[in-house]
Amino acid sequence: MKINAVFIKKPAIKRVGIKADESYRSLLLIFLVILISMVCGALAYCINRNAFSGELWNGFVRLMTDKSRKSFSEIFSGFYSIDLLILILLSVFGSASIGFFPTIITVAFRTAGIGTIGAFLFVNHYLIGLKYYLLVIVPGKLLLFFGLLLAAQNSIQTSRKVKQITDGKTNEKIDKKLFAIRNGVCAAIFALSALVDAALIYFIPAEF
C-alpha cells in the first residue's frame, strides 16, 4: 500500500512542476521581448533619424515631453487610452488559439517606442535628455512593463488552453472569471502607470 501511494503522488507533483515551468518561461520570454524591442527601437532611431520626422512621431514626442498645451487629465488620458487599447488587444488574442504570436508582436510594438524616445532624447539633448528620460519617462514605464508582463502572460496561457481545447487534448474549461480579474488588475496597473507618467511630465518641466 505504501509503494502504491508513492507512485500515485509522483505524477501530480510532476504536472504541477510543468505548469510552473511554463509560467516562468512565459514571463522570461515577455521580459526578453520588452528588453529587445526597446534596444531595437533605440537602434532604429540612431541608424535612421529621418524615418522619425513625420507628424505621428512629432505627436508622440509631444505626448511624452510637452505639457505646455495639455492639462493633467489630457496627459493622463493620452497614456491610459493607449494602454487600454493594448490590453483589449491582448484580451482578444488570449481568447484565440493562435494568440501567441500576436501577443508577442503587440508587446514589442508597445515597448519599442519607449526605447526610441530614449534614443531621441539622448541624441538630441545629451545628458539633459538622458536625465529627463531616466527621471520622468522611466518610472511610469516600469509600472507599464509590470502590467504588460502580467497581461501578456495571461493572454499566452489562456491562448494555449484554448488551443488544447480546440485540439481535443483537454476537457478543462477556460476560467473566464479569472481571466477577467487578471485583466482588471492589469488595467489598474496601467492606470497607475499613466498617473505617474502624467504627474511627472506635468510637474517636472523639460529643460530643453
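**View 1. Salt bridge between Lys163 and Asp167 in the predicted model.** The closest N and O atoms of Lys163 and Asp167 lie 3.5 Å apart. Lys163 is partly exposed, at 42% relative accessibility, and Asp167 is also partly exposed, at 41%. A search of the whole structure gives four salt bridges.

**View 2. Salt bridge between Asp83 and Arg110.** The N to O distance between the two side chains is 2.8 Å. Asp83 belongs to helix α3 and Arg110 to helix α4, so the pair ties together parts 27 residues apart in sequence. Asp83 is buried, with 1% relative accessibility, and Arg110 is buried at 9%.

**View 3. Salt bridge between Asp197 and Lys141.** Here the closest N and O atoms are 2.7 Å apart. Because Asp197 sits in helix α5 (residues 176–203) and Lys141 in helix α4, the contact ties together parts 56 residues apart in sequence. Both residues are buried.

**View 4. Helix α3, residues 72–94.** The 23 residues of α3 should span 33 Å at 1.5 Å a residue, and the end C-alpha atoms are 33 Å apart, which agrees. Buried residues of α3 include Ile75, Phe79, Asp83, Ile86, Leu87 and Leu90.

View 5. Tyr126 has a positive phi of about 55°, although it is not a glycine. Tyr126 is exposed, with a relative accessible area of 57%.

**View 6. Cys46 and Cys186.** Cys46 is partly exposed, at 44% relative accessibility, whereas Cys186 is buried, with a relative accessible area of 1%. The structure contains zero disulfides.

Note on methods. Residues numbered from 1 in each chain as written. Predicted model: local features only at pLDDT ≥ 70, side-chain atom pairs only at ≥ 80, totals over all residues. Heavy atoms only, no water. Disulfide = S-S within 2.5 Å. Buried < 20%, exposed > 50% of the residue type's maximum accessible area, 1.4 Å probe, protein only. Helix = DSSP H or I, 4+ residues; strand = E, 2+ residues; numbered from the N terminus. Expected span 1.5 Å × (residues − 1).
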